Amino acid sequence: MDARTIKRLRLKFILISTVTYFLVMIFMGLFINASNILLSRQQIHTVLSYMLAEEMKSDDERSEENPQSDETENENEDAVKDGQKDDHDKAEHHENMLNQFSAEFRYSARYFSAILDKNGSPTEIKTAHIMALTREEASAMAVKAFSKKRRFGRDGDYYYEKAVDENEYTHIIFLNCSAQIAQNMRILYISMLIAAAGLLITLVLVYISSYRMIQPEMENIRRQKQFITNASHELKTPLAVIRANNEIEEMIHGPSEWTESTMRQVERLDGLIRNLVLITRAQEKEDRSVMTRVNVTQPVEETVGPYESIAQQEHKELILNLQPDIEFVADESKIRQLASLLIDNAFKYCDENGRVTFTLDTLKKGRTLRMICSNSYAEGASVDYSRFFDRFYREDSSHNTDKGGYGIGLSIAESICQQYGGSIDVSWKDGEISFTCLLN
């Protein structure tokens, strides 16, 4: 795992933690506010139901004496309060239910009621307990509520309850709940502010803590790079001595099977050391100051073109699809190295008498450079392609040491693509494997 991978994992950790917190806060906020609204509506519904029942009972009693007299209505209410014990208990129960909604309900409630015939025409509007509406406005609200199917509902700052009596008259009572609605909105705004503040604090804390968490791994990576550089430097001397001694042995006694084997292994170790240093440097951040706008088609063609002679010798087919005169800001040496790694890998693992295709073009109106190198690979159906970019990885059935190389070429190619904020992907289809590189 390199430094870029660790930094990407850190960003994913920050993103996942922040999104998780956000979703939890959304759930809690919705639960709290929904519960508060439901409880408020239930309390309002309880109060309106009882008020409507009392209103309809008062109308029935009043119709027996004087339906048009407000004074008679007040006398009937006093008679209920001063009447029998059952009526007194009902009045006390009424008071308890009203107190569920507000302790100051008797002094703060603003409501009006209406009676409509079966055609929806108002026959009586009572607005003695409200000053914010005229009789015409109250009548219009009553007609609007009559046309709705639901018995309990809301119209602006008013909640209403309606019922039909035995004479098919509809009784509707409206209660002004602006204070309760405003309180619900305050709770909603406060919960949103708390969630936003918590999200910001969580983001800062996760950012700081994640930075501290990755520091030991970043230090290990730094030490590993330093070790590879130092070890590569130290190994050069004994390899040079072994090479020199082997050459002297060949000069004295002549070449033999053993001296040739020793020289092959020396060459192999020397190449491995160079590639270890190369991949360590490839993982370092590219210095953008050395990049210039170059015609990348030319270096790619100069790198890939000489493989036509190799293709003829190995009885393979090489197809070049190079878009002419592609201008791109890059380090020309990196472009050559990437093209060389791709084409070299394709020829090493291409099937006998197979085909190699190299494509160079651009995407996103020239902002993205794309290289695609494909080769015939009949046995690729059951291969684990997720490990192709691991260092020193060789697929058992075909990636063996007989083909040469060190198993780190694709890892170097991946590092070059990452330096340009791009990517490299591998895919297999219809007996052909393709490596696609994107550079931004």
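These questions and answers look at salt bridges in a predicted model.

Q: How many salt bridges does a search of the whole structure find?
A: Side chains of opposite charge can pair when their charged atoms come close. Here the whole structure was searched for salt bridges. The count is nine.

Q: Which residue is linked with Glu302 and Arg336 in a network of salt bridges?
A: Glu302 and Arg336 form a salt bridge. They also belong to a network of salt bridges.

Q: Is Lys316 buried or exposed?
A: Lys316 forms a salt bridge with Glu314, the closest N and O atoms being 3.0 Å apart. Glu314 has a relative accessible area of 36%, so Glu314 is partly exposed. Buried means under 20%. Lys316 has 14% relative accessibility, so Lys316 counts as buried.

Q: What does Asp361 count as, at 15% relative accessibility?
A: Asp361 meets Arg370 in a salt bridge, with 2.7 Å from N to O. Arg370 is at 23% relative accessibility and counts as partly exposed. The cut-off for buried is under 20%. Asp361 is at 15%, so Asp361 counts as buried.

Key: Residues numbered from 1 in each chain as written. Predicted model: local features only at pLDDT ≥ 70, side-chain atom pairs only at ≥ 80, totals over all residues. Heavy atoms only, no water. Salt bridge = Lys/Arg side-chain N within 4 Å of Asp/Glu carboxyl O. Buried < 20%, exposed > 50% of the residue type's maximum accessible area, 1.4 Å probe, protein only.
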